[in-house]
Amino acid sequence: MQPGELDAALAALDARAERRHRVALAGPQGPEIVIDGRRYLNFSSNDYLGLAGHPRLVEAAAAGARAWGVGSGASALVTGHFEVQRQAERALAGFAGCEAALLLESGYAANLAAIPALVGRGDTVFADRLNHASLNDGCLLSRARLCRFRHNDPDHLEYLLKRTPANARLIAVDAVYSMDGDEAPLARLAELAERYDAWLYLDDAHGFGVLGDGRGSMVEQGVGGERILYMATLGKAAGVGGAFLAGNRRLIDWLANRARPYVFSTAQPPLLAAALLASLELIAGEPWRRARLASLAARLAQHCHTRPLALKTSRTAIHPLIIGDNLQTLNMSRRLREAGIWVPAIRPPTVAPGSARLRISLCAAHRDEDLTRLIEALDSLVA
Ligand SMILES: *Cc1c(COP(=O)(O)O)cnc(C)c1O
């Protein structure tokens, strides 16, 4: 695109009903949000356990700022790594069932960090077709060949593994798919990684905190070993920000030395590690939050089942209502908003063309009457 083409490019987004407009919240993330002076029920957030604005996290972050300051001052390899971060990395590794962990700025940065540190030119990344964009970007940055397999189809993956000569191989998947809420068959993938001598990279952005008693998909599905690298974001269910990579000690040591977004970026503010330690206590110590998510999900599914509402149910907090057409989805989202309910219209390029959807995310802090209001508003859309 040339500088003079910007207006036309934005107009083209408008014409396809794909243009996004940011709104600014007037307070913390929670089951209710305030935008432009109006209060909305929030079914759009990835704050699945209701921890982002939790007083214990707020207090821990404030105490963390007093103890460690605000900025980290340098990359972790220079002097940006603090004792509280070392403690958080040990806690995260133990919780996710790994030997060691490395804190990064975001899940996006973690995916850009990990993949190019393990594979490069002449190697191949095998990626599920519905993988998150950041995994694809990590692959592009690595210069490895990107070979995509059919969604959640390990037989297709094996077919490709057999036919693709490569120096090194890496299988990359979302452990929980971000726009559908379905889960990858980790045991089968781990077996293929073993058989074809590949790395297995698991992005558990939506499983950590929610599945496996909060310890994530890898613990729940009982896989492990030296070829697996686990990644989870900390800005979703954990309610904080950043991400971590976890695996065996040598692997994490390699990444700390060679993962460029880790080496060449100023480390996370240490107060986030202090907040994260408080979050881990709540994730582990308050299982009622996951039970609450499950009961809300069951009620939503049961209701939609009796109506012409194509809800995709899942064991996670993600419950998309597949609509198809961009404009229709956008209009439905707008009508819900008029009823005081915030549900985002997810359109291309986040999902495939023709599969636009209302992505309903539940939160452990939603009350029964909140879900009742959502259900009534959905009913009025299809009445
Ligand atoms: C949100 C998300 C990321 C990016 O994580 P951030 O911490 O938000 O940068 C990566 N992978 C998946 C599957 C995600 O949903």
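Where is Arg143 found? Arg143 belongs to the loop between α6 (133–142) and β5 (145–149). The structure described here is a predicted model.

## Backbone features

The phi angle of Arg143 is near 70°. That is a positive value, and the residue is one other than glycine.

The peptide bond that runs from Pro348 to Pro349 is cis, and its omega is near 10°. Pro349 is placed in the loop between β12 (345–346) and β13 (356–361).

## The ligand and its surroundings

The ligand is surrounded by 14 residues. The closest of them are Gly107, Tyr108, Asp203, His206 and Lys236. Sorted by class, this shell holds nine polar residues, three charged residues and two nonpolar residues. Helix α5 (residues 107–118) supplies the largest share of the shell, with three residues.

The space that the ligand takes up is the largest pocket.

## Contacts with the ligand

Which residue places a polar side-chain atom 2.5 Å from an oxygen atom of the ligand? The residue is His206. A polar backbone atom of Gly107 is 2.7 Å from an oxygen atom of the ligand. For Tyr108, a backbone N or O atom lies 2.9 Å from a ligand oxygen atom.

How much of the ligand does the protein bury? Taken alone, the ligand exposes 380 Å², and the protein buries 82% of that area.

## Aromatic pairs

The model has five aromatic pairs, counting rings whose centres lie within 6.5 Å. One of them is formed by Phe95 and Phe208. Their ring centres are 5.9 Å apart and the angle between the planes is 85°, which makes the pair edge-to-face.

Why does this pair tie together separate parts of the chain? Phe95 lies in helix α4 (residues 83–95), while Phe208 lies in the loop between β7 (199–203) and α9 (217–221), so the pair links parts that are 113 residues apart in sequence.

How values were computed. Residues numbered from 1 in each chain as written. Predicted model: local features only at pLDDT ≥ 70, side-chain atom pairs only at ≥ 80, totals over all residues. Heavy atoms only, no water. Near = heavy atom within 4 Å. Polar contact = N/O pair within 3.5 Å; in protein donor to acceptor, adjacent residues only side chain to side chain. Areas by Shrake-Rupley, 256 points an atom, 1.4 Å probe, with all protein chains shown as cover. 1 Å grid on protein atoms, 1.4 Å probe; cavity = no way out; pocket = protein on both sides within 12 Å on 5 of 7 lines; lining within 4 Å. Sits in = over half its atoms within 2 Å of the grid points. Helix = DSSP H or I, 4+ residues; strand = E, 2+ residues; numbered from the N terminus. Nonpolar A, V, L, I, M, F, W, Y, C, P; charged D, E, K, R; others polar. Phe/Tyr/Trp six-rings, centres within 6.5 Å; stacked < 30°, edge-to-face > 60°.
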